[in-house]
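I opened this structure to look up a few places in it. My entries follow in the order in which I made them.

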Amino acid sequence: MILSFLSALFVQPAADAPLLVASYHYPGVDRRAALAPLADRVERAAKRPVRIELFENPDALSQAVCDGRVDVAMTNLGAYVTMRDCPAVTAVAALDVPPE
């Protein structure tokens, strides 16, 4: 999984506006509960409230990221590939794949 931080963490349009931590629904997994520790950490680091949102699928998450509606996204590789060239998208954590 890839974790993407967007510019909203650094450019604060409204200090009290919540940051959006997002992912997508995944059958049999409580993603909201899985994102809670990350959301708590983002909230402490940014000193701003955080809201968790789950999109219907990875493509919907990618579109929301590219549209600038998501501040922090937990994605899969496929979703990251579709959003990596969008403005203000920066991967801050990625799988470590050793060279062949």
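I began with the contacts of Ser23, taking contact as heavy atoms within 4.5 Å. Leaving aside neighbours within four places in sequence, I found Ser23 in contact with Arg31, Leu35, Glu53, Leu54, Phe55, Leu61 and Met74. Ser23 sits in strand β2, which covers residues 19–24. Helices (H or I, at least four residues) and strands (E, at least two) are DSSP runs, numbered from the N terminus. Ser23 counts as buried because its relative accessibility is 0%; buried means under 20% relative accessible area, exposed over 50%, and partly exposed in between, with a 1.4 Å probe and protein chains only. I also noted that the side chain of Ser23 reaches the backbone oxygen of Met74 at 2.9 Å. That is a polar contact, a pair of N or O atoms within 3.5 Å; within protein, one must be able to donate a hydrogen and the other to accept it, and residues adjacent in sequence count only if both atoms are side-chain atoms.

A note on the source: this is a predicted model, in which local features need pLDDT of at least 70 and side-chain atom pairs count only at pLDDT 80 or more, while totals for chains, interfaces and linings use all residues. Residues are numbered from 1 along each chain as its sequence is written, and side-chain values use heavy atoms, with hydrogens and water left out.

Next I looked at strand β4. β2 and β4 pair in the parallel sense over two bridges; two strands pair if DSSP finds at least two bridges between them. Val72 in β4 is the bridge partner of Val21. In a regular strand the side chains alternate between the two faces of the sheet. In β4 (residues 72–75), Val72 and Met74 point one way, Ala73 and Thr75 point the other way, and all are buried.

Then I turned to Leu61. Which residues does Leu61 touch, not counting those up to four places away in sequence? They are Ala22, Ser23, Tyr24, Phe55, Val70, Ala73, Met74 and Thr75. Leu61 is buried, with a relative accessible area of 0%. Leu61 and Ala79 are 18 residues apart in sequence, and their C-alpha atoms are 7.5 Å apart in space.

Leu61 belongs to helix α2, residues 58–66. In α2, I listed Leu61, Ser62, Ala64 and Val65 as buried. They lie on the same side of α2 because they cover an arc of only 165 degrees around the axis, the arc being that of the directions from the helix axis to the C-beta atoms. Asn57 caps the N-terminal end of α2, with a side-chain oxygen 3.1 Å from the backbone nitrogen of Asp59. Gly68 follows α2 and has a positive phi, near 80 degrees.

Helix α1 came last. The buried residues of α1 (residues 31–46) are Arg31, Leu35, Leu38, Ala39, Val42 and Ala46. At the start of α1, a side-chain oxygen of Asp30 comes to within 3.3 Å of the backbone nitrogen of Arg32. α1 bends by about 35 degrees at Pro37, the bend being the angle between axes fitted to the seven residues ending there and the seven starting there. Just after α1, Lys47 has a positive phi of about 55 degrees.

For the whole protein chain, I noted three helices and five strands, in the pattern β-β-α-β-α-β-α-β along the sequence. Of its 100 residues, 38% count as buried.

Definitions and conventions:
The expected span of a helix is 1.5 Å times one less than its number of residues.
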